[in-house]
Amino acid sequence: MVKGTVYKTYYMYVGCLLHKPGGNGFSHLYLCSFLLSIQSINIQIVVSLQTLHRSVKSRLKTRLQFHLAHKLGDEKKLMEYHQELEDVIEDQLSLASIHYLRSHYQEAIDIYKRILLDNRLVCCKC
């Protein structure tokens, strides 16, 4: 029952975003698709790509394209988006997750350790 409610909410959100031009809405739409694992169906990957290409350039869009390139096995695009990542927490966490998914565990651990050391005060306030 919960799953149906989530998808119903997702499609309502899609409807709202498609009628709202500009902004980062299409990146958020793709993010919802990605998190719901809808994009695992080939047709949905094409729709997600078209949706993502319509969004404005942002760090979120770059991270999503980075993950999508990994999911599609496109090494050239993966390296292209890897070069666009910046030294901010969100991008570094994204990079660490790709390392983990590619079984490069030590690289992922090194990134997580560096983030924890660099942000010790932030992490301790939890």
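Q: Let's start with Gln-65. Buried or exposed?
A: Gln-65 is buried, because its relative accessible area is 11% and the cut-off for buried is under 20%. Keep in mind that this is a predicted model.

Q: Okay, and which helix is Gln-65 in?
A: Gln-65 belongs to helix α4, and that helix covers residues 59-72.

Q: What does Gln-65 touch, if I skip residues up to four places away in sequence?
A: Leu-52, His-53 and Tyr-81.

Q: Tell me about His-53, then. Where does it lie?
A: His-53 is in helix α3, which spans residues 42-53. Setting aside neighbours within four places in sequence, His-53 contacts Lys-61 as well as Gln-65.

Q: How far apart are the C-alpha atoms of His-53 and Gln-65?
A: They're separated by 9.3 Å, with the two residues twelve apart along the chain.

Q: And Tyr-81, which helix is that one from?
A: Tyr-81 sits in α5, the helix made of residues 75-84.

Q: How do α4 and α5 cross?
A: Their axes cross at roughly 155 degrees and come within 8 Å. Angles over 145 count as roughly antiparallel, so α4 and α5 are roughly antiparallel to each other. The crossing of these two is left-handed.

Q: Which residues meet there?
A: From α4 you have Thr-62, Gln-65, Phe-66, Ala-69 and His-70, and they meet Lys-77, Leu-78, Tyr-81, His-82 and Glu-84 in α5. Sorted by class, the α4 and α5 contact has four nonpolar, four polar and two charged residues.

Q: Let me zoom out. How many helices and strands are in the chain?
A: Eight helices and zero strands. Along the sequence the pattern reads α-α-α-α-α-α-α-α.

Q: What share of the residues is buried?
A: Buried residues are 33% of the 126 in the chain.

Q: And what about the accessible surface?
A: The chain's accessible surface is about 8500 Å², and carbon and sulfur atoms account for 63% of that.

Q: How much of the contact list comes from residues 24 or more positions apart?
A: Taking contacts with a separation of 6 or more, 45% are between residues 24 or more positions apart.

Q: Back to helices. What's the angle between α4 and α6?
A: About 5 degrees, with the axes 10 Å apart. Angles under 35 degrees count as roughly parallel, which means α4 is roughly parallel to α6.

Q: Which residues make that contact?
A: On the α4 side, Arg-59, Arg-63, Phe-66, His-67 and His-70. On the α6 side, Glu-90, Asp-91, Ser-94, Leu-95, Ser-97, Ile-98 and Leu-101. By class, the α4 and α6 contact has four nonpolar, four polar and four charged residues.

Q: How about α6 with α7? At what angle do they pack?
A: Helix α6, residues 89-101, packs with α7 at about 155 degrees, and their axes are 7 Å apart. That angle makes the two roughly antiparallel, therefore. α6 passes α7 in a left-handed crossing.

Q: What makes up the contact of α6 with α7, by class?
A: Ten nonpolar, three polar and two charged residues. The α6 residues are Ile-89, Gln-92, Leu-93, Leu-95, Ala-96, Ser-97, His-99 and Tyr-100. From α7 come Tyr-105, Glu-107, Ala-108, Ile-111, Tyr-112, Arg-114 and Ile-115.

Q: Is Ile-115 buried or exposed?
A: Ile-115 counts as buried, because its relative accessibility is 12%. Ile-115 is in α7, which runs over residues 105-118.

Q: Which residues is Ile-115 in contact with, leaving aside neighbours within four places in sequence?
A: Ile-89, Gln-92 and Leu-93. There's also a C-alpha to C-alpha distance of 9.4 Å between Ile-115 and Val-88, which are 27 residues apart in sequence.

Q: Last one: what's in the loop between α6 and α7?
A: Ser-103 is one of the residues there. Phi of Ser-103 is near 65 degrees, which is a positive value in a residue other than glycine.

Q: What does Ser-103 count as in terms of accessibility?
A: Partly exposed, because its relative accessibility is 47%.

How values were computed
Residues numbered from 1 in each chain as written. Predicted model: local features only at pLDDT ≥ 70, side-chain atom pairs only at ≥ 80, totals over all residues. Heavy atoms only, no water. Helix = DSSP H or I, 4+ residues; strand = E, 2+ residues; numbered from the N terminus. Buried < 20%, exposed > 50% of the residue type's maximum accessible area, 1.4 Å probe, protein only. Contact = heavy atoms within 4.5 Å. Axes fitted to C-alpha atoms, helices over the stretch in contact; angles between N-to-C directions. Parallel < 35°, antiparallel > 145°, perpendicular 65-115°, else oblique. Left-handed = near helix turned anticlockwise from the far one by under 90°. Nonpolar A, V, L, I, M, F, W, Y, C, P; charged D, E, K, R; others polar. Areas by Shrake-Rupley, 256 points an atom, 1.4 Å probe, with all protein chains shown as cover.
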